[in-house]
Amino acid sequence: MRIALDDFGTGYSSLSYLTRFPFDAIKIDRSFIRAMSEDESAWHIVQSVLRLSEGLGVRVVAEGVETPGQLLRLLARGCDEVQGYLIARPAPLDALLRATPDGLLALLRDPGAAAADLGVVLEAAAERMKRGEREGERRAG
């Protein structure tokens, strides 16, 4: 079993939790991810959480990643995992695996890949997800 500290940086999350509980991952709240492009202080907080997590030996998950710029910035700083509509809408795992093109998986594994490749890969992923949604609607209808 793995345990993640969810919505880190908001609400009742506290730095003291990091020493009191055996977390495997810290999930950075989407509000920081959303703001990091326009608000330099939000970006500094995200970077601090990334460094803190590295020092503690826990993985980091960035919630609410919605733009290629956010993804590239996070990957360049060593973010371990991302969640958000840029990658996929919430769906059963088997549907996500069928719809995710190999190029996107390769890009996520290699943050140094050309930024131009990201747009092509994401467009292909979006089209495959749309086709999957349409097929699911036809089967349900």
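Residues are numbered from 1 along each chain as its sequence is written, and side-chain values use heavy atoms, with hydrogens and water left out. Because the model is predicted, local features need pLDDT of at least 70 and side-chain atom pairs count only at pLDDT 80 or more, whereas totals for chains, interfaces and linings use all residues.

The account begins at the surface. Leucine 15 is placed in the loop between strand S1 (4–8) and helix H1 (17–20); helices (H or I, at least four residues) and strands (E, at least two) are DSSP runs, numbered from the N terminus. With a relative accessibility of 58%, leucine 15 counts as exposed, given that exposed means over 50% relative accessible area, buried under 20%, and partly exposed in between (1.4 Å probe, protein chains only).

Buried positions come next. Serine 53 belongs to helix H3 (residues 40–56) and is buried, its relative accessible area being 0%. Neighbours within four places in sequence aside, serine 53 is in contact (heavy atoms within 4.5 Å) with Ile26, Val58 and Val60.

Valine 65, in the loop between strand S3 (59–62) and H4, is likewise buried, with a relative accessible area of 0%. Not counting residues up to four places away in sequence, valine 65 touches Ile33, Gln70, Leu71, Leu74, Val82, Gln83, Gly84, Tyr85 and Leu86. For valine 65 and leucine 86, which are 21 residues apart along the chain, the C-alpha atoms are separated by 6.0 Å.

Helix H4 (residues 68–76) has Gln70, Leu71, Leu74 and Leu75 as buried residues. Viewed down the axis of H4, its buried residues fall within an arc of 120°, so they line one face of the helix; the arc is that of the directions from the helix axis to the C-beta atoms. Just after H4, glycine 78 adopts a positive phi of about 90°.

The charged pairs complete the picture. Side chains of opposite charge can pair when their charged atoms come close. There are 3 salt bridges in the structure, each defined by a side-chain nitrogen of Lys or Arg within 4 Å of a carboxyl oxygen of Asp or Glu. One of them joins the side chains of glutamate 63 and lysine 27 (3.6 Å, N to O). Glutamate 63 lies in the loop between S3 and H4 and lysine 27 in strand S2 (residues 25–28), so this pair ties together parts that are 36 residues apart in sequence. Both glutamate 63 and lysine 27 are buried.

Arginine 59 forms a salt bridge with aspartate 80, their closest N and O atoms being 3.9 Å apart. This pair links distant parts of the chain, with arginine 59 in strand S3 and aspartate 80 in the loop between H4 and strand S4 (81–82), 21 residues apart. Arginine 59 is partly exposed at 35% relative accessible area, and aspartate 80 is partly exposed at 36%. The side chain of arginine 59 also meets that of glutamate 81 in a salt bridge (3.1 Å, N to O). Through shared partners, salt bridges join Arg59, Asp80 and Glu81 into one network.
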